[in-house]
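Please look at the model below, shown with its sequence.

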Amino acid sequence: MNEMLTECFNRMGVGVEIFPMPSKRSLINANNGTEDGNFVRTEGITQRYPNLIKVPEKISENRIIAFSKNTGIKINGWKSLLPYHVTYVNGWRNCERELKNARAITVVKNEVLLFTLLEKDRAQIGIFGQSTGKAALEKLGYSRITPLVPPIVISDLFLYLHKKHQNLIPDIVNTLRGMKKDGTYDRFIHQNF
């Protein structure tokens with residue numbers, strides 16, 4: 001995703017630097033203007049972060065998946081997770097909202113901690129993105145943890161900019177659409193996933 005957004009801004013003649021940081025911190029920094037924006041976010045974060053404006057052209061699609069060692073767990077939306085000890089990454093608003101009544105919850109700061117809890121049987125289900133979760137598991141070498149299907153939810157993901165940069169939004173939309181039309185977007189998506 002980083003490469004695709006870098007290409008988008010390069011085509012616009014705008015320099016961009018992407019800094020990885022914890023999910024919640026990145027939203028707070030973008031909302032208060034310390035950072036210029038935030039990406040791969042779902043619809044509706046402006047309710048909590050009013051200084052962020054959504055660029056109305058999706059940049060990706062996220063399949064939120066339950067990961068577990070127990071392949072017998074049946075997934076049927078968020079409610080099917082409530083009887084379990086669930087772990088998720090701090091700042092994932094949909095998890096905070098949907099899992100508040102789960103049997104037990106452990107909130108972690110990153111995917112390494114999430115999958116380590118599962119590996120050590122300190123949680124039963126971990127919630128993470130399908131493709132990024134699979135990549136993390138492969139890197140960590142945790143072969144007993146598997147994604148459970150179907151996905152809990154499939155959602156479009158967007159770039160959000162701090163309101164001081166809202167004048168860039170029409171150019172970003174046009175550039176992303178151009179990248180989708182000329183095949184660059186698909187190339188980056190397939191490269192990442």
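**A helix and its cover**

In this predicted model, the elements that cover the buried residues of helix α5 include β3, α4 (111-119) and β6 (125-129). Helix α5 itself spans residues 130-140, and its buried residues are Q130, G133, A136 and L137. These residues lie on the same side of α5, because the arc they cover around the axis is only 130°. E138 and K139, on the other side of α5, are exposed. Just after α5 comes G141, which has a positive phi of about 75°.

β3 (residues 60-68) runs antiparallel to β7, and 8 bridges join the two strands. In this pairing, E61 stands opposite D156 of β7.

Two further strands pair with β7. Strand β1 (residues 37-41) is antiparallel to β7 and joined to it by 3 bridges, with N38 opposite Y160. Strand β2 (residues 52-54) is likewise antiparallel to β7, again through 3 bridges, and here I53 faces L161 as its opposite residue.

Within β7, which covers residues 146-162, lies S155. Is S155 buried or exposed? Its relative accessible area is 16%, and because buried means under 20%, S155 counts as buried. Leaving aside residues up to four places away in sequence, S155 touches T42, S60, E61 and N62.

Key:
Residues numbered from 1 in each chain as written. Predicted model: local features only at pLDDT ≥ 70, side-chain atom pairs only at ≥ 80, totals over all residues. Heavy atoms only, no water. Helix = DSSP H or I, 4+ residues; strand = E, 2+ residues; numbered from the N terminus. Buried < 20%, exposed > 50% of the residue type's maximum accessible area, 1.4 Å probe, protein only. Contact = heavy atoms within 4.5 Å. Pairing = 2+ DSSP bridges. Arc of directions from axis to C-beta.
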